[in-house]
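This briefing is for a reader new to the structure shown below. It takes the topics one at a time.

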Amino acid sequence: MAHLYWVKGASNDLHRRYLLAEREFDLHELEFFAEAQFDTARLNRTLKPAGVEPFESFSRYMAAFSKVLGIRDEMALLLLHKTQSTKSVDSITAFLREFMLDEPSTFGVAKDVVNQFQKLNEAHADWVTATQQRDVLMPAREAHQRLHSLSLEAVRLQEIAAGIPLFATPLGIEVHDAAITAAGPRIAAMQSLLEARKQALSAAETSHSDAIRQEALGGGDDLRRLEEALAAARTRCEDAKAQRQTLEAACATLKQSVPSDEKAFTDLYAVATTIVDEGAKVDTRRLQEAVSKQAVLKTPQRDVQLQLAALATQPRSNVPPEQQNIRRMLAEELDVDVDSLPFAAELMSVRPQDKRWHGALERLMGGFGVTMLVPSDLFDDVRRLVDRKHLKGRLTYRPVRHVTESVHARLPANAAGKVDVAKHEFNRWLVNEIQRQFDYACVESADDMGVYPRALTVKGQIKRGGENYLKDDRWSIDDETRWVLGTDTASRAEALHKQLADINRQLSDAQVVISAHEREAQEAGHRLQAAVAVRGLFWNGMDESGARLQVLEIERQIASVKVGSPKLEQLRAEVARTSDVQKAAQNAWADQHGLVRNAERELDVWNTERTRLASLLVVELTPTQQQAIDEMRGRRTVTSTPQTYDRELSWLRDEAKQSVRANETAQTEQRAAILTALAVFCSRTEWKPATKGHDPVMDSFEFFDQHLTSLLMEGVSRTWERFLLELQEHNSHQLTLLSQSLTGERADMAKRLLAVNNSLLHTPYNPGTHLFLHKVDCEPEESKVFRRDLAVAMSEVVNIDNADAATTRFDKLRRIAERLGSDKSEDIRWRARVLDVRQHVQFDAHEILDGTNQVEQVYSGSDGKSGGQKQKLAATCMAAALRYQLANPGATVPQFAAVVVDEAFDRSDPDFTEAALNVFCELGFQIIVATPGKMVQTIEPYVGGAVWVYAKRGDRSNAVPLQYDQASGRIDYSPMATQQPKADSAVAH
């Protein structure tokens, strides 16, 4: 065995090959490799025919030399490596678990369970998919069947609806025939009743005439004439009284005396005529001025009131209400606080020492003050919102962005320096803007403005760049109601209240003028009305006393007539009675006559209409139409007449249309149900291949319906059968294998322990004793639970005949398989605890007296033992384990017997060391020992040669071979004596 290393050219990369030759090998055989510039292809071509196998991979190299040396597996190699440092073996249990016991097959079987479950899972997924696809598409098929039925029904309903207009003429004929037939007897009865009432009227008229004649003969005519004259006299009396009252009221309005004679009335009449001719003259100039003044003051009054209301809402803002309302609307739409959108003026204030400049600064900075400041993260939203909304006013706004450098105004006594900025997140940006925009020199006189490129006078005159001057005196510079800068609103509120009080005073004065004019106009109107009333009166018409005397005279005459005719009252009563009878008879006859006439006219109309209907073309209805119309008419409870049969026709038409609309709605619902089902199908990503590119539209229904047919005929049943088969196989085979593997591994572990104990039985540990390895069960509870779960799963009856039982069974298996195959750290640790049966046992080493079962001592680990005891116990167990790993079945000695022990027995006394070496020799091992010099004499009998290794310099070791006498089993130490001074000198230096 050889390792070949080389560095090629100027590269620092180290290359290697591993060589294995089952013959003697001379390193000179590799000289060609260097001469060939380290050509690896030539290396392979040269060495392989010569019986030397080169390997590039260490794993393949290890497998090859293990096979040659008789090392069965990697476990044996690990154990051989462990012997190099026996002092690192601290626990018997850990040592035996790691090196004596192979990894149990339970992990492989569990992996097979997981792999097999993948097939079951796939089968289950296929069945679930087929079932779900069927369940999704089945409603679409059912809806399509209903849609087909509705389509056929729609044809029938359309046919019925088309037949309703055709039924108009037959219905009219039917109704008119019925009405005409019923009208004959009814009209005859009405005419008979009319004749009877005519005779009654004639008798009543005769009786009334006789009564009038008798009453006239008894003095009735004279009495009637007197009563008519009395009524006229009383009317004249009332008229005279009313005219007198009108005269008195008019005189009171005109402030004139009520006339007592005709001459005085004539004078009053002349005065009234003059008033009427002049009309109601009123001076309206002051009224017009007052009304105009009120109209002018209403607007400033409303503006001042709005500003005061805005101050109440925002007590620290002087910004006009119009802009505040716009800001409030934007904040509500954006769902942000109003304070997050401040106006510049709300953060600016004039310094107290510069108060006399306040008005001028307002002229300069007021427009900037009503600029709304917007955070940069809201600016895009604000811009879109402002563009979309109708603001109903003017708004200026700017974004507040990060300030990268500061700006400073440079002109002397500049306007920017007279303004303070409140503490705010926008402070730095606003200060920069004020310094940049308002670098204006503040001068006392206009004469000083020419010196500076930009200037501002205390009177508010502004000089901008390029000799551009501006002074805006549309309002007073000291008008604090126009000021917007600052958060102190007290002075502005006081000014607004004063202004409002002045406006209200002027409005009140104007209202006094208007009210006075209204009173004057009202009085003039009343005088005019009174004058007109006087002109409508006559002196004779106001003679109330003469009219009253006439009434008394006529009443006397009536009384005289009544005394002279004592039976007159009875005769008059008879006239009144017969008059009432005559009137009743007349009304009865008139009513009946109207009924007969109307009935006859109605009959004439019906006959005319019947004739017209008979002349029309009648289209015969189809049986479907006739049956449907008959059914609809059967549901109608109202009988049609010639006047109302069009309502029946309209009702039939509405019923037919409603049925058509209901059918259309139902078809729409079914189409929606189909599309919903198809959309659900297409929305499932894992079902995309099944759609074959079809979209969820009606045109694709046939494709999806064919897919459903395939599922119903084969897909669901086939996947169900496969799922059941996999479920049964997984239950009967894989879980059984896993359970058997758990049980078998435990039994196999006992067999291996028995083989090791057989080796230890013939290997003395101390004089008269040997070791026995005892297994102690420490299986964790979760492992027991797992094995019980497996037993329950295997014991369940596999005769599953329904989906619920199969799903329940599958869910149980899935929980087991998912945990066995999980990558979660807690599941990996759980898997190690339940599957690695090596972790389910611990080992004690019992020291047994030979020939008996008496336990001399129990070693349950290495705690509490001396270093030598630990090494001896470890060496003994390791030797037994190596014997088990390296000996072929049935062999008495290991096939590969070379064992390297590093720093051997450095803490052991000679007796322990000798006993441990004896164990290795008894078991047939060849020991290569690296040990301190103090232990050399103890190990001499157990070695066949020796090499002394010492450090000549601090960075180099030297080796001196020592002769070994096979006969005496002793080492010749003389070369050590001759080389010791050199070694000491080298070390000293």
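Lys 255 lies in the loop between α8 (220–254) and α9 (262–278), where helices (H or I, at least four residues) and strands (E, at least two) are DSSP runs numbered from the N terminus. This is a predicted model, in which local features need pLDDT of at least 70 and side-chain atom pairs count only at pLDDT 80 or more, while totals for chains, interfaces and linings use all residues. Residues are numbered from 1 along each chain as its sequence is written, and side-chain values use heavy atoms, with hydrogens and water left out.

**Loop residues with positive phi**

- Lys 255 is not a glycine, yet its phi is positive, at about 60°.
- Lys 255 counts as exposed, at 74% relative accessibility; buried means under 20% relative accessible area, exposed over 50%, and partly exposed in between (1.4 Å probe, protein chains only).
- Gln 37 is found in the loop between α1 (31–35) and α2.
- The phi of Gln 37 is near 60°, a positive value in a residue other than glycine.
- Gln 37 counts as exposed because its relative accessibility is 55%.

**The protein as a whole**

- The protein contains 29 helices and 20 strands.
- Of its 989 residues, 38% are buried.
- Taking contacts (heavy atoms within 4.5 Å) between residues at least 6 apart in sequence, 73% join residues at least 24 apart.

**The sheet of β1, β2 and β3**

- Three strands make up an open sheet in the order β1-β2-β3, with antiparallel pairing; two strands pair if DSSP finds at least two bridges between them.
- β1 (2–7) and β3 (52–55) are the edge strands, each pairing on one side only.
- From one strand to the next, the twist averages 30°; axes are lines fitted to C-alpha atoms, for helices over the stretch in contact, and angles run from 0 to 180 degrees between N-to-C directions.
- Six bridges join β1 to strand β2 (residues 14–21) in the antiparallel sense.
- In β2, His 15 stands opposite Trp 6.
- Helix α2 (residues 40–47) packs on the sheet and touches β1, β2 and β3, with its direction at about 5° to that of β2.
- Helix α3 (residues 58–69) also lies across β1, β2 and β3, and runs at about 20° to β2.

**Helix α13 and Glu 362**

- Glu 362 belongs to helix α13 (residues 358–369).
- How far does α13 span between its end C-alpha atoms? The span is only 13 Å, whereas a straight helix of 12 residues would span 16 Å at 1.5 Å a residue; the expected span is 1.5 Å times one less than the number of residues.
- α13 is largely enclosed by the rest of the structure, because 11 of its 12 residues are buried.
- Among the buried residues of α13 are His 358, Leu 361, Met 365 and Phe 368.
- Glu 362 is buried because its relative accessible area is 9%.
- Leaving out residues up to four places away in sequence, Glu 362 touches Arg 482, Trp 483, Val 484 and Leu 485.
- A polar atom of the Glu 362 side chain lies 3.0 Å from the backbone nitrogen of Val 484.
- The Glu 362 side chain also reaches the backbone nitrogen of Leu 485, at 2.9 Å.
- A polar contact is a pair of N or O atoms within 3.5 Å; within protein, one must be able to donate a hydrogen and the other to accept it, and residues adjacent in sequence count only if both atoms are side-chain atoms.

**His 176 in α7**

- His 176 has its place in helix α7 (residues 168–217).
- With a relative accessible area of 2%, His 176 is buried.
- Apart from its neighbours within four places in sequence, His 176 is in contact with Trp 606, Glu 609, Arg 610, Leu 613, Pro 642 and Tyr 645.

- Strand β13 (residues 841–849) and strand β14 (residues 855–859) are paired in the antiparallel sense over four bridges.
- Glu 847 has Gln 857 in β14 as its bridge partner.
- The hairpin has five residues between the strands, and Gly 851 there takes a positive phi near 80°.

**Cysteines**

- The count of disulfides (pairs of cysteine sulfur atoms within 2.5 Å) is zero.
- Cys 442 counts as buried at 11% relative accessibility.
- Cys 682 is buried too, with a relative accessible area of 8%.
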